[in-house]
Amino acid sequence: MRNYLAALLIGASALAGADVAVAQSGPLRIEIDQGVIEPLPYAVPDFVPETPAAADYARQIARVIAADLSGTGLFREVPASAHISTVTDFDSPVKYADWKAVNAQALITGAVGINGNRLTVRFRGYDVFAESELGSGLQFSGTTDGWRRMAHKVADAIYSRITGESGYFDSRVVYVSESGPKNDRRKRLAIMDYDGANVQFLTNSASLVLAPRFSPTGDRVLYTSYESGFPQIHVLDVGQVQRKVLSSGDGTMSFAPRFAPDGRTIVYSQTQGGNTDLYTMDIDTGAKTRLTSAPSIETAPSLSPDGRQIVFESDRSGSQQLYVMPAGGGEARRISFGKGRYGTPVWSPRGDMIAFTKQNKGRFHIGVMRTDGSEERLLTASFLDEGPTWAPNGRVIMFTRESQGSTGRALLYSVDITGRNLKPVKTPDGASDPAWSPLQH
């Protein structure tokens, strides 16, 4: 399969200008910056139930794995109706000829057992072309309630072995759930698996909430609430659904918060006396430091993964643009120079790119650029696209898309950083302002 993938991807590179790197040893590593590739065909038969009670779980786990891999746009499942072989014993030898005959380049097999409320999932991945196993088999265990998460972990492992990148399936998204008519929209915080499953509500709709953001460990969420009548920053413990207000002082409005990589500090905007600047705050002590002091509006800060720099939006040049400055404050340099206005910048988890919202000629776009402003690339275009957030591996971006008109509503979409595989994310109601968690532990 490595030879097949190398040929496939090098061919795509020649046709579409993609940059492709294939490791000479170890797992296959692929970097695709542009263009479209032919999805890799794979097969994932229903996992083998090792106990009668495991039958439904075995089937459902295989389906979630398939949805994860196919949903990336990099993989294409060979349907069960085309399979020649059946897998009834997890330890039986693989009949490679049967899988080659249906053009499956990768094969994933597994077994599921249940003891009480404990569920165990074993799996193996195979390179059909080379007739060899992709790494060693693994086993995950947990409660039956966590079966979807175990499926995501299997998919992450397979994704990583074939692409050489970390996965992103075992992650969550916090967002603003929206209901009601457009002129009386009710908003509350919700959290879900990355694929829209297991939705839970974290707040009620009694007061307006905005801009939820995960902590680096995924156990807390920052957000802005109008519960007091003006914007204040709250921090919420996701597991216990307990929250507290991070007070910025009387007569001030605080908003657009994000965690620093250390998880103990936040960076945010504060308006006082008609002026909006950037500040940091120690969550435990409440001690704050002012980072900017200018008559312009500075907001939407986002720290680099190493905590050394902040990207933010400012109108100091006369229009809304992006700037980068040291995390402790100091001279800022402008990095956006294209036509239009730029906002909501977010640093990639890899540290190499910044995602942003761009407005130009009546259209909104989600785009990415290098951290120095070079290689700007627009990924989407619509009536209203805004608020990008990065998958934990830096490969996919989720954002809000709002439709036009009195009946229009906001929904979540995702897109690959090459601009491929644009698709909606399932939510029970309208949804906006997503924030992707790190991988769960």
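## Helix α2

In this predicted model, the buried residues of α2 are A58, I61, A62, V64, I65, A66, D68, L69 and G71. The helix covers residues 55–71. G73 follows α2 and has a positive phi, near 80°.

## The nonpolar core

The largest nonpolar core holds 47 residues. F47, I61, I65 and L69 have the most contacts inside it. Helix α4 (residues 147–163) supplies the largest share of this core, nine residues. In soluble globular proteins, nonpolar side chains tend to be buried together.

What does L69 touch, leaving out residues up to four places away in sequence? Its partners are Y42, F75, I108, A155, I158, Y159 and F169. Among them, Y42, F75, Y159 and F169 also belong to one aromatic cluster. Y168, Y194 and W436 complete that cluster.

## Aromatic pairs

The model has 15 aromatic pairs. Y57 and W147 make an edge-to-face pair, because their ring centres are 6.5 Å apart and their planes meet at 70°. This pair links distant parts of the chain: Y57 sits in helix α2 and W147 in helix α4, 90 residues apart. W147, with a relative accessible area of 15%, is buried.

Y268 and Y279 form a stacked pair, 5.9 Å centre to centre with 25° between the planes. Y268 lies in strand β16 (residues 265–272) and Y279 in strand β17 (residues 275–282), so the pair ties together parts 11 residues apart in sequence. Both Y268 and Y279 are buried.

## Charges over rings

R188 lies over the face of F201, at 3.5 Å from the ring centre. R401 lies over the face of Y413, at 5.0 Å from the ring centre.

## Strand β25 and its neighbours

Strand β25 (residues 363–370) is mostly covered, with six of its eight residues buried. Strand β24 (residues 353–360) pairs with β25 in the antiparallel sense over eight bridges. Strand β26 (residues 377–378) pairs with β25 in the antiparallel sense over two bridges.

The β25 and β26 hairpin has six residues between its strands. In that turn, G373 has a positive phi of about 95°.

Terms used: Residues are numbered from 1 along each chain as its sequence is written. Side-chain values use heavy atoms; hydrogens and water are left out. Buried means under 20% relative accessible area, exposed over 50%, partly exposed in between (1.4 Å probe, protein chains only). Helices (H or I, at least four residues) and strands (E, at least two) are DSSP runs, numbered from the N terminus. Two strands pair if DSSP finds at least two bridges between them. The expected span of a helix is 1.5 Å times one less than its number of residues. A nonpolar core is a set of buried Ala, Val, Leu, Ile, Met, Phe, Trp, Tyr and Cys residues joined through side-chain atoms within 4.5 Å. Contact means heavy atoms within 4.5 Å. Rings of Phe, Tyr and Trp (its six-membered ring) pair if their centres lie within 6.5 Å; planes under 30 degrees apart count as stacked, over 60 as edge-to-face and the rest as tilted. A charge sits over a ring if NZ of Lys or CZ of Arg is within 6 Å of the ring centre and within 35 degrees of the ring normal.
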